Amino acid sequence: MIYKNVMEALDWASSFLVDNGREETAARIVMQHILGTTYSGVMLHLRDVLSIEQSEQFVELIEEHANGRPVQYCVGSEEFYGRTFLVDESVLIPRPETEELVLGTVSRIGKMFQDKALKLADIGTGSGAIAISMKLECPELAVVATDLSVEALSTAQKNARLLAAHIDFRLGDLTAPLVGEKFDVVLSNPPYIAFGEAQEMSNIVLEHEPHSALFAEEDGLILYRKLAEQLPALMNKPSLIGLEIGYMQGEQVAKFFKDSFPQATVTVEKDINGKPRMIFCEIHV
Ligand code: GLN
């Protein structure tokens, strides 16, 4: 099937995707990729005629997504905090909720620390979205990012290179690659979904995104428990810990951190959907 112009191709793709149970907005994301433009830039090209190669590639990617592959993997990228990150099956697709963790951290850093050279660690960096965004928002930070997965670290490294962010990447489990150092800010979006919740999740997530980035033992809480145990040895005074959490986990995760840091201010914050999604632990001098 060859389409004459961008608008006709989008019309076909929208109804084809909807017929296959997908969101029609994916049509525009694929077109943005084909035209090499921004999301809003597609509007300026609605009457442009697509080349045969562009049409074929567009149809191929739309069919791939209709068959269940997340559109971000089909086009190989996702937007996060105003920048484009490469993604593939080695990493979780960055979520808008995680942008709020970056936003909350940037604003706290401004209030908590005075003109000091700060050291930040992002544990389980995946695509590098959190670490790289933090480095680019706060260039004075020295940023270390860890992951268990060699493949994820290689994707994160590509992103750091493309976005010109200097990050010290390290392979290893949780805080193991950080032992012996002190940090002013530690962030993490660890896997936190209970294995038992898998049956409620969409196939598009379950069949394509890395389970090691999604699921965790102890009802999804094990990594928070371990972080609460391991982080006291790594934190400076003052310092800040920011974690993404599952919306039902606020109370339990807050308890882990209050037990480990009795003098700290621990707050659970909601995301734009009104669901508890982040926890901040401010460790005072
Ligand atoms: N927010 C992700 C999801 O709902 C889960 C991310 C995570 O486990 N860290 O798919």
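**View A. Helix 6 is mostly covered.** Of the 9 residues in helix 6 (residues 129-137), 7 are buried. A residue counts as buried if 20 or more other C-beta atoms, placed from the backbone, lie within 10 Å of its own C-beta; 12 or fewer makes it exposed, and anything in between partly exposed. The buried positions are Ala129, Ile130, Ala131, Ile132, Ser133, Met134 and Lys135. Helices (H or I, at least four residues) and strands (E, at least two) are DSSP runs, numbered from the N terminus.

The model is predicted: local features need pLDDT of at least 70, side-chain atom pairs count only at pLDDT 80 or more, and totals for chains, interfaces and linings use all residues. Residue numbers start from 1 along each chain as its sequence is written.

**View B. The whole chain holds 10 helices and 11 strands.** Its C-alpha trace spans about 65 × 40 × 35 Å along the principal axes. Buried residues make up 39% of the chain. Among contacts between residues at least 6 apart in sequence, 67% join residues at least 24 apart. A contact needs C-beta atoms, placed from the backbone, within 7 Å.

View C. Nonpolar covers Ala, Val, Leu, Ile, Met, Phe, Trp, Tyr, Cys and Pro; charged covers Asp, Glu, Lys and Arg; the others, Gly among them, are polar.

**View D. Strand 1 and strand 2 form a hairpin.** Strand 1 (residues 77-80) and strand 2 (residues 83-86) run antiparallel, joined by 4 bridges. Pairing requires at least two DSSP bridges. Phe80 has Arg83, in strand 2, as its bridge partner. The turn has 2 residues between the strands, and Tyr81 there has a positive phi of about 50 degrees.

**View E. A shell of residues surrounds the ligand.** Its members are Arg95, Asn189, Pro190, Pro191, Tyr192, Ile193, Val205, Leu214 and Glu244. The shell divides into 6 nonpolar, 1 polar and 2 charged residues.

How values were computed. Two residues are in contact if their C-beta atoms, placed from the backbone, lie within 7 Å. A residue is near a molecule or strand if its C-beta atom, placed from the backbone, lies within 6 Å of it.
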